[in-house]
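Please look through the sequence and the structure before reading on.

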Amino acid sequence: MKKKTTATASRAGKRPKSAASGRKVAPRRSSAPGSRPPAASNGTKTTIRRLKAQLARTQAQIEELQASADTDFLLGIPNRRGFERELNRAIAYIKRYRAGGALVVLDVDRLKPINDAFGHAAGDQVLKAIVTTLLAQVRASDVVGRLGGDEFALLLWNLSETDARAKAAALEEAIDRLAFVFDGRTITAGASAGVSVLDIHSGAAAARGVVKSWRSVV
């Protein structure tokens, strides 16, 4: 009887296993790097879209300002800064690919007397007609720029020196043929041009010097 009592007491001392103790507990999600972040709320998504739209508008405004800084406001062609940028690119291309071209710098005659006699509106009309004439005489790949005042420059691709000088003469002749009527008087402008050939030996500094002082190559 004594042994039986001891065995019964021993069994009574053991804690029964609960149903929960036999169940596997799901692991907790880790917040370590690499884990997926929680989904953004609708408010966060709206803010992101708004910031992206603002950034796109700002970039467009920057590009517009950069373009206007390189463009002549009156004539819609590159100004001195814009033309020099195109010239530097052209020289780099010519050196790399052994291409060729020519730089024609053109000075409009009698623009100041026209401005003095008939006003700057008349001078602007002359300049616009000259730009229209120049653009009609060159290819789409060529560049026509205004250096300032009555001076223009043309970057012409793949022309020999002989062809470039012939083109410069044709440009002078085309401008000489232009006629304008102000206050009942017929006025002509005229132009003088100089030529510099661009090849693999051309330097950007030398070309800029030609643009700044074109009479040295007439």
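At what angle do α4 and α5 pack, and how far apart are their axes?

## Packing of α4 and α5

In this predicted model, α4 and α5 pack at an angle of about 145°, and their axes lie 6 Å apart. Axes are lines fitted to C-alpha atoms, for helices over the stretch in contact, and angles run from 0 to 180 degrees between N-to-C directions. On the α4 side the contact (heavy atoms within 4.5 Å) is made by L111, I114, N115 and F118, and on the α5 side by H120, A122, G123, V126 and L127.

By class, this contact has six nonpolar, three polar and no charged residues. Here Ala, Val, Leu, Ile, Met, Phe, Trp, Tyr, Cys and Pro count as nonpolar, Asp, Glu, Lys and Arg as charged, and the others, Gly among them, as polar.

## Basis and confidence

Residues are numbered from 1 along each chain as its sequence is written. Local features need pLDDT of at least 70 and side-chain atom pairs count only at pLDDT 80 or more, while totals for chains, interfaces and linings use all residues; side-chain values use heavy atoms, with hydrogens and water left out.

The mean pLDDT (the predictor's confidence in each residue, from 0 to 100) of the chain is 81, and 71% of its residues reach 70 or more. Confidence is lowest in helix α1 (residues 2–13), with a mean of 49, and highest in α5, at 97.

## Overall architecture

The chain has seven helices and six strands, in the order α-α-α-β-α-α-β-β-α-β-β-β-α along the sequence. Helices (H or I, at least four residues) and strands (E, at least two) are DSSP runs, numbered from the N terminus. Among contacts with a separation of 6 or more, 69% join residues 24 or more positions apart.

Of the 218 residues in the chain, 33% are buried. Buried means under 20% relative accessible area, exposed over 50%, and partly exposed in between (1.4 Å probe, protein chains only).

## The nonpolar cores

Which residues touch the most other members of the largest nonpolar core? They are L134 and F152, in a core of 33 residues. Such a core is a set of buried Ala, Val, Leu, Ile, Met, Phe, Trp, Tyr and Cys residues joined through side-chain atoms within 4.5 Å. Two or more residues come from each of β1 (101–108), α4 (111–118), α5 (120–137), β3, α6 (161–176), β4 (179–182) and β6 (191–198). The most come from α5, which gives six residues. Apart from this core lies another, of 13 residues, including L87, I94, V105 and L147.

F152 is found in strand β3 (residues 151–157) and is buried, with a relative accessible area of 0%. In soluble globular proteins, nonpolar side chains tend to be buried together. F152 and V131 are 21 residues apart in sequence, and their C-alpha atoms are 8.9 Å apart in space.

## Two arginines with positive phi

Most residues other than glycine have a negative phi. R98, however, has a positive phi of about 55°; R98 is in the loop between α3 (80–97) and β1 and is exposed, with a relative accessible area of 64%. R110 has a positive phi of about 65°. The loop between β1 and α4 holds R110, which is partly exposed at 42% relative accessible area.
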